[in-house]
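Please look through the structure shown below, and then read the notes that follow, which take up a cavity and a helix in turn.

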Amino acid sequence: GPLPDLVRDTARIAEGDLSHVVRVEGDDEIGTLARTINQLTRELRLWQDRQHTWSRELESRVEGKTREIAETREHLSNIVENVGASILVADLDGTVVSANTHTMHIFGTKPEFAVGRNLDEFAGEAGAKPDVLLPHLMRGGTRTHETRIQAGDGTFRDLLVIHTLLRD
């Protein structure tokens, strides 16, 4: 009869087959129920299509923003690499986590050899120690001082050292 067919048809739809159409037989309650189920299925297909469209649009936006961030990161990295000064970035403990290429020219060491060393090896004075420097920087200040260091080749260099806090 029509009731077992209706149960079987709605089970297919419930399993996700939104292309399935319930057969409509007659104008009685079962026929009305079948038409209503078909209308609900059409609405679900429309919402599913909209959701897929929104997902594709969102995915496209995320890809665009990811590409934009990568381009910005590359641009900023290029600026840092080509600036005529050594830039050392240290964590809050004073451990160097990155250095630009100009570090080689000033300190006589490759940037990758600066990483992991303590910042005060490059700053030339005890004032670069985090326990002295951080409180001042945390209040929004910068610290500038002149110092003399001995480079890896044995020559002495006069440096202007500027400490500033990078915030995330």
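In this predicted model, helix H1 gives four residues to the lining of the largest cavity, and this is the largest share of that lining. The notes below begin with the cavity and then turn to helix H1.

**The cavity**

- The count comes to one cavity of 30 Å³ or more, and about 90 Å³ of space lies in the largest cavity.
- The elements that give two or more residues to its lining are helix H1, residues 2-14, and helix H2, residues 29-82.
- The residues lining the largest cavity are Pro2, Asp5, Leu6, Asp9, Val22, Arg23, Val24, Glu25, Ile30 and Ala34.
- Sorted by class, this lining holds six nonpolar residues and four charged residues, with no polar residues.

**Helix H1**

- The 13 residues of H1, at 1.5 Å a residue, should span 18 Å, and the C-alpha atoms at its ends are 18 Å apart, which agrees.
- Asp5, Leu6, Asp9 and Ile13 are the buried residues of H1, and because they fall within an arc of 100° when seen down the helix axis, they line one face of the helix.
- Helix H2 is included in what covers these buried residues of H1, whereas Val7 and Ala14, on the other side of H1, are exposed.
- After H1 comes Gly16, which has a positive phi, near 110°.

Note on methods. Residues numbered from 1 in each chain as written. Predicted model: local features only at pLDDT ≥ 70, side-chain atom pairs only at ≥ 80, totals over all residues. Heavy atoms only, no water. 1 Å grid on protein atoms, 1.4 Å probe; cavity = no way out; pocket = protein on both sides within 12 Å on 5 of 7 lines; lining within 4 Å. Points joined across faces, edges and corners; volume = space filled by probe spheres on them. Nonpolar A, V, L, I, M, F, W, Y, C, P; charged D, E, K, R; others polar. Expected span 1.5 Å × (residues − 1). Buried < 20%, exposed > 50% of the residue type's maximum accessible area, 1.4 Å probe, protein only. Arc of directions from axis to C-beta. Contact = heavy atoms within 4.5 Å.
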